Amino acid sequence: DFFRMAADGGISEAQYLMGCLYAEGKVLVRDYPKAILYYRGSSGQGKPEAQCNLGFMFFCGLGLTKNLREAIKYYSLAANQKHALAQYNLANMYFLGVGLKRDSSKALLLYSRAADDGCQDAQNVLGLIYFTGHIVPSNYSLALRHLKRAADGGHMWAQYNLGVMYSSLPGLYRNRSLALFYYRRAAGQGHEQARMAVRLLEKHRD
């Protein structure tokens, strides 16, 4: 009730939090139109978290008609304020050509910014990009660096991907002990393929 009073009084942080409560549907009954109303109020005052969430609502069509142009608008507003998740979401749109002309250079730039601002999903994607050489020439050192940032922060898929890299890369990059270490961490979070990899590596120790 106090949050609602503050939000209705125009306080941006309270508007954002009320939007989250209505969008999540845990404390309050889920109500996307009300979430959007509060997100709009907070977004209009420049709060990047509200702008990013509003972009997501438009992207998915939650409580309103799906509109990629509006999603891009709000993601861009938040990304320009260095909001990591908004940068990552916008990068995905450039990378996949969803709502925007496919642009690998812009996608890479936004992934890099999101990774530097702490987005583990972006760190994981960057690691895979440098591993596969899909956009840029393969660079195993950079791939390992980005994946390690995400994996050491608890990102399950980055842990699994590090296990794959350490068990399959050539020469000095290959490290069975580290592969097993990261596979085990991913397995501990429920990653089934990582569990299979642990069993395989433990069975063949030579």
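Helix α11 (residues 176-188) packs against helix α12 (residues 192-203) at an angle of about 145°, and their axes are 8 Å apart. Axes here are lines fitted to C-alpha atoms, for helices over the stretch in contact, and angles run from 0 to 180 degrees between N-to-C directions. Helices (H or I, at least four residues) and strands (E, at least two) are DSSP runs, numbered from the N terminus. The model is predicted: local features need pLDDT of at least 70, side-chain atom pairs count only at pLDDT 80 or more, and totals for chains, interfaces and linings use all residues. Residues are numbered from 1 along each chain as its sequence is written, and side-chain values use heavy atoms, with hydrogens and water left out.

The crossing of α11 and α12 is left-handed. A crossing is given this name if the near helix is turned anticlockwise from the far one by less than a right angle, and is right-handed if clockwise. From α11, the residues Arg176, Ala179, Leu180, Tyr183, Arg184, Ala186 and Ala187 meet Ala194, Arg195, Ala197, Val198, Leu201 and Glu202 of α12. By class, this contact of α11 with α12 has 9 nonpolar, no polar and 4 charged residues. Contact means heavy atoms within 4.5 Å. For the classes, Ala, Val, Leu, Ile, Met, Phe, Trp, Tyr, Cys and Pro count as nonpolar, Asp, Glu, Lys and Arg as charged, and the others, Gly among them, as polar.

**The chain as a whole**

The protein chain has 12 helices and 0 strands. Its C-alpha atoms fill a box of roughly 65 × 35 × 25 Å, taken along the principal axes. Of its 206 residues, 42% count as buried, where buried means under 20% relative accessible area, exposed over 50%, and partly exposed in between (1.4 Å probe, protein chains only). Among contacts in the chain with a separation of 6 or more, 41% come from residues 24 or more positions apart.

**The nonpolar core**

Which residues have the most contacts inside the largest nonpolar core? They are Tyr39, Tyr111 and Tyr183, in a core of 64 residues. Helix α6 (residues 84-96) gives the most to this core, with 7 residues. A nonpolar core is a set of buried Ala, Val, Leu, Ile, Met, Phe, Trp, Tyr and Cys residues joined through side-chain atoms within 4.5 Å. In soluble globular proteins, nonpolar side chains tend to be buried together. Tyr183 also belongs to the α11 side of the contact with α12. Not counting residues up to four places away in sequence, Tyr111 touches Tyr88, Ala91, Asn92, Phe95, Ala122, Val125, Leu126 and Ile129.

Gln15 is placed in helix α2 (residues 12-24) and counts as buried because its relative accessibility is 9%. Its side chain joins that of Gln45 in a polar contact of 3.0 Å. A polar atom of the Gln15 side chain also lies 3.1 Å from the backbone nitrogen of Ser42. A polar contact is a pair of N or O atoms within 3.5 Å; within protein, one must be able to donate a hydrogen and the other to accept it, and residues adjacent in sequence count only if both atoms are side-chain atoms. Beyond four places in sequence, the residues touched by Gln15 include Tyr38, Tyr39 and Gly41.

Ser42 lies in helix α3 (residues 32-44) and is buried, with a relative accessible area of 0%. Leaving aside residues up to four places away in sequence, Ser42 touches Ser12, Gln15, Tyr16, Lys47 and Ala50.

**Other residues**

| Pair | Apart in sequence | Apart in space |
|---|---|---|
| Lys106 and Leu90 | 16 residues | 9.3 Å |
| Phe181 and Tyr166 | 15 residues | 9.9 Å |
| Asn161 and Tyr182 | 21 residues | 8.4 Å |

Lys106 is found in helix α7 (residues 104-116) and is partly exposed, with a relative accessible area of 41%. Phe181 lies in helix α11 and, at 40% relative accessibility, counts as partly exposed. Asn161, in helix α10 (residues 156-168), is buried at a relative accessible area of 11%. Apart from neighbours within four places in sequence, Asn161 is in contact with Asn124, Leu128 and Leu147.

Lys82 is in the loop between α5 (68-79) and α6. At 62% relative accessibility, Lys82 counts as exposed. The phi of Lys82 is near 65°, a positive value in a residue other than glycine.
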